[in-house]
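Here is a friendly walk through one protein model, for reading with the structure open beside you. Have a look at the picture first.

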Amino acid sequence: MTQKIYQVDAFSHRPFAGNPAAVCILSAPRDDAWMQAVSNEMNLSETAFLCPRAEGFDLRWFTPAVEVDLCGHATLASAHVLWEQGVLAREAQARFLTRSGLLTADLRGDWIEMDFPATPPQETDAPRALVEGLGAEARYVGRTPFDYFVELEDAETVRRLAPDLRVLRSLGARGVIVTAPSDDRSYDFVSRFFAPAAGIDEDPVTGSAHCALGPYWSARLGRAELTGFQASRRAGVIRVRPDAGRVFLAGQAVTVYEATLSAACEAGSP
């Protein structure tokens with residue numbers, strides 16, 4: 001049986017923007033080494049592997065270097081593929097069993113809304129490597145279960161930031177979220193995300209980072225629903241709605257291509 005693989009641009013309504021993710025819908029579980037090898041071959045920030053179960057789909061995410069505990073854009077891409085390929089009816093909820101518990105996604109018109117755990121930052125002292133690596137003055141430094149979280153002076157500082165990735169790699173965290181209030185009235189806040197320790201110098205649009213950004217800016221701005229703009233080169237838009245320890249993340253997605261892994265690739269682990 002041939003193995004299809006899809007590349008989807010997530011958190012974008014048009015191709016060649018947002019965050020690309022690869023999606024494999026497996027007929028049976030595959031071993032970790034094979035999934036890591038496919039992810040390395042795809043060379044995207046994440047590749048998602050889905051395997052059907054009675055209560056939904058097992059879902060795992062791999063960067064080219066490691067497996068990760070939570071990924072928003074590849075979950076969005078996975079739900080998009082399930083509906084687009086007719087695996088799920090458009091009115092059906094996508095249900096994913098993951099390392100971060102049950103995650104769900106629902107189709108809301110042209111947008112996909114996902115239910116994720118909130119990971120609000122807790123204020124902490126800034127490590128020297130964080131200050132040196134960013135090369136910018138922080139208004140606030142926090143820590144989430146995965147990342148350092150830094151508010152900078154303004155949106156322009158976020159856009160112009162050119163961190164020393166070698167130094168950030170030494171922090172002992174998955175990555176670094178940087179953010180500031182938006183200077184564009186279309187958005188409430190801007191952000192960027194750097195994860196060199198996970199093999200991703202800069203992630204284009206990061207759903208899991210918005211599990212921290214949503215609660216933080218909701219408290220700061222007194223807003224229940226917000227729109228974030230991730231100011232990477234590809235850029236992307238995420239609607240955020242924190243609610244009782246959860247965060248609802250909404251985005252759009254478009255399939256860029258569909259391919260088939262060769263028989264040699266499917267034969268087994270490298």
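This is a predicted model: local features need pLDDT of at least 70, side-chain atom pairs count only at pLDDT 80 or more; totals for chains, interfaces and linings use all residues.

## A mostly covered helix

Let's begin with helix α6, which spans residues 210-221. Nine of its 12 residues are buried. Among them are His210, Cys211, Leu213, Tyr216 and Trp217. Just past the end of α6, Gly222 has a positive phi of about 65°.

## Glu151, an acidic residue under cover

Now turn to strand β11 (residues 147-152), where you will find Glu151. Is Glu151 buried or exposed? With a relative accessible area of 1%, it falls under the 20% cut-off, so Glu151 counts as buried.

Which side chains make polar contacts with the Glu151 side chain? One is that of Tyr216, at 2.5 Å, and another is that of Arg220, at 2.4 Å. Tyr216 is itself one of the buried residues of α6. Setting aside neighbours within four places in sequence, Glu151 is also in contact with other residues, including Ala138, Tyr140, Thr179, Pro181 and Trp217.

## A hairpin with a glycine

Strands β13 (residues 189-195) and β14 (residues 200-203) run antiparallel to each other and pair over two bridges. Ala195 sits opposite Ile200 of β14. Four residues lie between the strands of this hairpin, where Gly199 adopts a positive phi near 85°.

## Salt bridges across the chain

Glu258 is partly exposed at 43% relative accessibility, and Lys4 is partly exposed at 34%.

Asp115 and Arg246 form another salt bridge, their closest N and O atoms being 2.8 Å apart. Asp115 belongs to strand β8 (residues 111-117) and Arg246 to strand β17 (residues 246-251), so the pair ties together parts 131 residues apart in sequence. Asp115 counts as buried at 18% relative accessibility, while Arg246 is partly exposed at 25%. Elsewhere, salt bridges with shared partners connect Asp32, Arg60, Glu67, Asp69 and Arg99 in one network. Within that group, the closest N and O atoms of Arg99 and Asp69 are 2.9 Å apart.

Note on methods: Residues are numbered from 1 along each chain as its sequence is written. Side-chain values use heavy atoms; hydrogens and water are left out. Buried means under 20% relative accessible area, exposed over 50%, partly exposed in between (1.4 Å probe, protein chains only). Two strands pair if DSSP finds at least two bridges between them. A polar contact is a pair of N or O atoms within 3.5 Å; within protein, one must be able to donate a hydrogen and the other to accept it, and residues adjacent in sequence count only if both atoms are side-chain atoms. Contact means heavy atoms within 4.5 Å. A salt bridge is a side-chain nitrogen of Lys or Arg within 4 Å of a carboxyl oxygen of Asp or Glu.
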